[in-house]
Amino acid sequence: MTFARILGTGSYLPQKRVTNDDLAKHIDTSDEWIFSRTGIKARHIAADDEKCSDLAVQAAKRALTDAQVDTEEIDLIIVATATPDMQFPATATIVQHKLGISGCPAFDVQAVCAGFMFALTTAHAYIKSGLAKKALVIGADVFSRIIDWQDRGTCVLFGDGAGAVVLGASDEAGIIHSKLHADGAFLNLLNVPAQMANGEIMGTPFLKMDGQGVFKFAVKQLAAVADEVLNEAGYQAEQIDWIVPHQANRRIIEATAKHLGVSMEKVIVTVDEHANTSAASIPLALDAGIKEKRIQRGQNLLLEGIGGGFAWGAVLLTY
Ligand code: ACO
């Protein structure tokens with residue numbers, strides 16, 4: 001049987017690190033307020049001349065090196081992002097060109113913070129069906145560009161970054177099962193309502209969020225989709241070695257682990273240092289867990305994420 005297997009991972013964080021105390025110098029907030037509600041201590045912010053594709057390329061290069069795969073072998077590139085370089089073309093094609101690759105399909109998926117779940121599942125389907133052999137799957141976002149830095153209710157939550165995996169066809173175990181969902185009825189919980197029209201930006205180009213509404217919806221749906229992916233795959237929660245969750249809020253992460261009866265010792269948490277990097281957060285956490293030698297080959301991982309749309313999903317895999 002052919003599996004889509006993770007051959008290598010890589011990630012990139014911009015150099016500039018901004019702590020909660022740094023933010024408290026400019027807005028009415030405190031380290032105590034932010035940390036107690038979210039688990040966030042710091043976030044990284046892209047330089048003015050750093051674009052989404054620049055972050056993605058750095059993460060991709062590291063993943064290719066880790067996988068020992070040459071760029072010529074890549075026959076699919078998917079970038080999950082909600083903060084593309086341009087309205088069009090897809091950031092994936094810009095990444096493709098910057099990596100010196102040409103010809104293979106390259107496209108973006110837009111599922112906000114759940115984007116990496118959608119991108120990984122799409123690449124899995126390509127590989128399982130024989131349409132691709134080696135895929136570069138990247139989550140990259142620069143939410144610092146769509147945040148109102150005067151809105152203390154949202155600006156403290158986000159950071160910039162990128163994470164990537166090289167996914168390849170293999171006889172060895174890889175992705176076991178995936179489950180994705182979306183429901184546009186929850187549009188108003190979280191959005192950036194702007195659009196370009198007639199040479200102007202129509203509507204506000206900053207992120208709007210109903211924090212408590214997002215919190216409740218995320219806790220409920222992440223528990224449900226985790227159950228669903230395990231049940232459909234015929235796995236028990238005890239068989240999970242690591243949960244690699246979307247890093248939005250430590251309390252949301254703890255709620256999912258508690259629901260599954262999985263100890264926090266078996267959960268990769270990077271939200272303290274990364275904050276919410278949207279589509280980048282799961283591959284950033286995955287790469288951190290692997291590079292810290294906590295996640296080992298042969299272990300079972302449950303990846304799960306949720307974001308605007310609303311869109312959410314979980315992927316069960318053997319690393
Ligand atoms: N610093 C200090 N005070 C603040 C801040 C801040 N940064 N932000 C808000 N407050 C104040 C509010 O003004 C309010 O004051 P008031 O009582 O005088 O009106 C008070 O703190 C409480 O505000 P709430 O919004 O009720 O605070 P809550 O306890 O709900 O926490 C939070 C807010 C942290 C946003 C929480 O709702 C949350 O984590 N929600 C999930 C949001 C999330 O994860 N979004 C990420 C995007 S979606 C995703 O990735 C899943």
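Reader: How far apart are the centres of domain 1 and domain 2?
Author: The centres, taken over C-alpha atoms, are 14 Å apart. Domain bounds come from an automatic or database domain assignment, and here domain 1 covers 3-172 while domain 2 covers 176-318. In the contact (heavy atoms within 4.5 Å), domain 1 takes part with 50 residues and domain 2 with 44 residues. Before we go on: this is a predicted model, in which local features need pLDDT of at least 70 and side-chain atom pairs count only at pLDDT 80 or more, while totals for chains, interfaces and linings use all residues. Residues are numbered from 1 along each chain as its sequence is written, and side-chain values use heavy atoms, with hydrogens and water left out.

Reader: How much area do domain 1 and domain 2 bury between them?
Author: The size of an interface is often given as the accessible area lost when the parts come together. Buried area is that loss with a 1.4 Å probe, summed over both parts. For domain 1 and domain 2 the value is about 3700 Å², with 64% of it on carbon and sulfur atoms.

Reader: Which polar links cross from domain 1 to domain 2?
Author: A polar contact is a pair of N or O atoms within 3.5 Å; within protein, one must be able to donate a hydrogen and the other to accept it, and residues adjacent in sequence count only if both atoms are side-chain atoms. Between the two domains, 16 residue pairs are in polar contact, both residues at pLDDT 80 or more. By class, the side of domain 1 that touches domain 2 has 24 nonpolar, 17 polar and nine charged residues. In this scheme Ala, Val, Leu, Ile, Met, Phe, Trp, Tyr, Cys and Pro count as nonpolar, Asp, Glu, Lys and Arg as charged, and the others, Gly among them, as polar.

Reader: How many salt bridges does the interface hold?
Author: A salt bridge is a side-chain nitrogen of Lys or Arg within 4 Å of a carboxyl oxygen of Asp or Glu. The rule finds one across the interface of domain 1 and domain 2, and a search of the whole structure finds 11. Among the salt bridges are Arg-17 with Glu-273, at 2.9 Å from N to O, and Arg-5 with Glu-172, at 3.5 Å. Arg-5 lies in strand S1 and Glu-172 in the loop between S7 and strand S8 (175-182), so this pair ties together parts 167 residues apart in sequence. Helices (H or I, at least four residues) and strands (E, at least two) are DSSP runs, numbered from the N terminus.

Reader: Which residues come nearest to the ligand?
Author: A residue is near a molecule if one of its heavy atoms lies within 4 Å of it. Of the 22 residues around the ligand, Thr-29, Arg-152, Gln-212, His-246 and Asn-249 come nearest. A side-chain N or O atom of Thr-29 is 2.6 Å from a ligand nitrogen. His-246 places a polar side-chain atom 2.8 Å from a ligand oxygen, and for Asn-276 a side-chain N or O atom is 3.0 Å from an oxygen of the ligand.

Reader: Where should I look for a cis peptide bond?
Author: Go to Phe-88 and Pro-89, where omega is about 10°. Pro-89 sits in the loop between strand S4 (76-80) and helix H4 (91-98).

Technical notes. Buried area is the accessible area (1.4 Å probe) that two parts lose on being put together, summed over both.
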